2 protein chains.
Amino acid sequence: MRLATLRRGGGTVAAVVRDREAAPVDGHADVGSLLRDEAGMDAAHAADAWAPFDDWELLRPVLAPGAVLCVGMNYAGHVAEMGREAPEHPTWFSKLGRALTDPGADVALATAQVDYEGELAAVIGAGGEVAGYTLLNDVSMRDYQFRTSQFFAGKTWQRSTPVGPVVVTPDELGDLAALELRTEVNGELRQRASLGDLVFGVDELVADLAAFVRLEPGDLIATGTPGGVGHALKPPRYLEDGDVVAITIDGLGTLRNRFTAAVG
Amino acid sequence: MRLATLRRGGGTVAAVVRDREAAPVDGHADVGSLLRDEAGMDAAHAADAWAPFDDWELLRPVLAPGAVLCVGMNYAGHVAEMGREAPEHPTWFSKLGRALTDPGADVALATAQVDYEGELAAVIGAGGEVAGYTLLNDVSMRDYQFRTSQFFAGKTWQRSTPVGPVVVTPDELGDLAALELRTEVNGELRQRASLGDLVFGVDELVADLAAFVRLEPGDLIATGTPGGVGHALKPPRYLEDGDVVAITIDGLGTLRNRFTAAVG
């Protein structure tokens, strides 16, 4: 099953999507609300009021997650390019829910060192389990990320982190290790890795978190980015006005956003 | 004005408190809700249905803040004891809202290296300004904090961070620099510092955050801890079963919690 949050009239609604059609699940303003409600998930499975998809605007699937848990240094290639050692434990940091933005939204080039990080994100369901997967661009203001020892100030800029376009359930997505993640900037391939190359896989990340966080429906776990970020190129290449970043994982679609100096 | 969140029947309610009396502000389940609502704040100012205070159980003032923004290395004494350099910028990290717990609540000794950090916390109001102050114990699992480069995993343990007992408005609290913070463990003084010794004062912290976060009512800003944490003692002294940590700032009262191996 593929789930999305759509703009409808003045509000939003969760929906099941397939090919070029969507079936709204009334009573749920976003996928986060739907994941909290077993009856809602049953309604989603039974959805049959399909409408053409082109009419809808896709939003980030969970509008306001209670936790956005991110892990750094989780692909060997990225660990090496950032000049670090292979970690013994996941390197957790977080973003605020308000740092997220929508598929297709413009993202402000708020500092001189805005960079992309293509990532697989897990979405948590009602029982604290992984209910689905989506794409996340862990946009990083490198100047603020490395201003102190803690990444947070470079990771949580208001409405800077695109998520989406859809949440795909694990049964539909299949074996993660068989999937590839690709990030393109203006069509130029910058990141390409197998999800099988994650240092800590999704199950290991969830198990590690379980020691200290009670996961809630709609929580996101961003699983880290592979090698190829702009900051690690020689010389570094940060995003520029008009650049379009497209992150693709087979089965999850493409998360595409334009970066612009013009957004307030 | 002094605001608190009280347990009442099966629910909770925001209230104005004075001496040994409380006046509930109906329609607001916590101080966070009250801060979001100008009419509610007017009702609080006009509160006159006083009841004896002893009947009430005090909870953390904001039950589920959207952001708990913490700064490390913000007193010269603590910077030195942790073996670090004086920072040029605030060292931001975050906790999840679900990491907070109540005044008087028992806190689980979830790892072998649980430590206290007495702190002043600012509480954000409707306009993004500082609407009041409270106390926060930035409880830190040092083994997890220093497991990787990022503090987060040691800082956000479920229901580990006490906040309260009350929120005091800036006009009532007066000049911060004239106030002293003290932390006692089982009555033994461990931390003592003037709030005038903050490296980055509250106004500077809010100004720094403004670059990347749109503050919302109920957000907390934990301003850092002075020297004297257990981790920096030689040898280190972590909290043990039954220890009581009491944090006091003149005018804000005392935040007192017992640490126990027995809590699940």
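Two strands pair if DSSP finds at least two bridges between them. Strands (E, at least two residues) and helices (H or I, at least four) are DSSP runs, numbered from the N terminus. The model is predicted, so local features need pLDDT of at least 70 and side-chain atom pairs count only at pLDDT 80 or more, while totals for chains, interfaces and linings use all residues. Residues are numbered from 1 along each chain as its sequence is written, chains are lettered from A and ligands numbered from 1 in the order in which they are written, and side-chain values use heavy atoms, with hydrogens and water left out.

Strand E1 of chain B covers residues 2-8. E1(B) pairs with strand E2 (residues 11-18) of chain B through 6 bridges, in the antiparallel sense. Arg8(B) has Gly11(B) as its bridge partner in E2(B).

Arg147(B) lies in the loop between helix H4 (142-145) and strand E14 (161-168) of chain B. Its relative accessible area is 18%. Arg147(B) therefore counts as buried (under 20%; exposed is over 50%, partly exposed in between; 1.4 Å probe, protein chains only). Contact means heavy atoms within 4.5 Å. Neighbours within four places in sequence aside, Arg147(B) contacts His89(A), Pro90(A), Trp92(A) and Asp208(A), as well as Ala153(B).
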